[in-house]
Amino acid sequence: MKYSEVVSSSRRKSRKAHFSAHSEARRKLMSANLSKELQARHGVRSMPIRKDDEVLITRGVYKTREGKVTAVYRKKWVVHVERITRDKSNGASIPVGIQASNLVITKLKMDKDRKAKLEAKSKGKSSAKKDDVAMSNVD
């Protein structure tokens, strides 16, 4: 069911918007869930993935493998994780691209901007919960 008149519910338009998104929009779309302990510590469910985060692969051939993110390849919608490679026929080793949705962030690379973003997101969630509690007594 369509709730907003401004946003299209067309599959065709959604796919076009997704695949022609600019780099900064792709950054946000390439988010991954945080591990359960990080969710509990920060009060945030997911974050955009970045280089030097430590991740756990949850889906696919490389499931249960852990490693550090070596590159976030926004143009191809993939993340490269260290030690996740395959050998080419000429003997060269190339990184395998993993989709961000198939990863769980186990350790965040913190800087002041990311810390501020985490605090802002958790503050927004806590104020929304307070509003829900306050509104539940309205009846």
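**A hairpin, a histidine and a pocket**

Modeller: In this predicted model, β5 and β6 form a hairpin with five residues between them. In the turn, Gly 91 has a positive phi of about 95 degrees.

Colleague: How many bridges join β5 to β6?

Modeller: Strand β5 covers residues 78–87, and β6 covers residues 93–98. The two strands run antiparallel, and Arg 86 stands opposite Ile 94 in β6. The number of bridges that join them is five.

Colleague: Is His 80 buried or exposed?

Modeller: His 80 is found in β5. Beyond residues up to four places away in sequence, His 80 touches several others, among them Tyr 73, Pro 95 and Val 96. Its relative accessible area is 13%. Because this value is under the 20% cut-off, His 80 counts as buried.

Colleague: Which element gives the most to the lining of the largest pocket?

Modeller: The largest pocket has a volume of about 190 Å³. Both β2 (46–48) and α4 (112–136) supply at least two residues of its lining. With three residues, the element that gives the most is α4.

Colleague: How many residues of the lining of the largest pocket are charged?

Modeller: The lining includes Met 47, Pro 48, Ile 49 and Val 72, as well as Arg 27, Lys 51 and Asp 111. Four of the lining residues are nonpolar and none is polar. The number of charged residues is eight.

Terms used
Residues numbered from 1 in each chain as written. Predicted model: local features only at pLDDT ≥ 70, side-chain atom pairs only at ≥ 80, totals over all residues. Heavy atoms only, no water. 1 Å grid on protein atoms, 1.4 Å probe; cavity = no way out; pocket = protein on both sides within 12 Å on 5 of 7 lines; lining within 4 Å. Points joined across faces, edges and corners; volume = space filled by probe spheres on them. Helix = DSSP H or I, 4+ residues; strand = E, 2+ residues; numbered from the N terminus. Nonpolar A, V, L, I, M, F, W, Y, C, P; charged D, E, K, R; others polar. Buried < 20%, exposed > 50% of the residue type's maximum accessible area, 1.4 Å probe, protein only. Contact = heavy atoms within 4.5 Å. Pairing = 2+ DSSP bridges.
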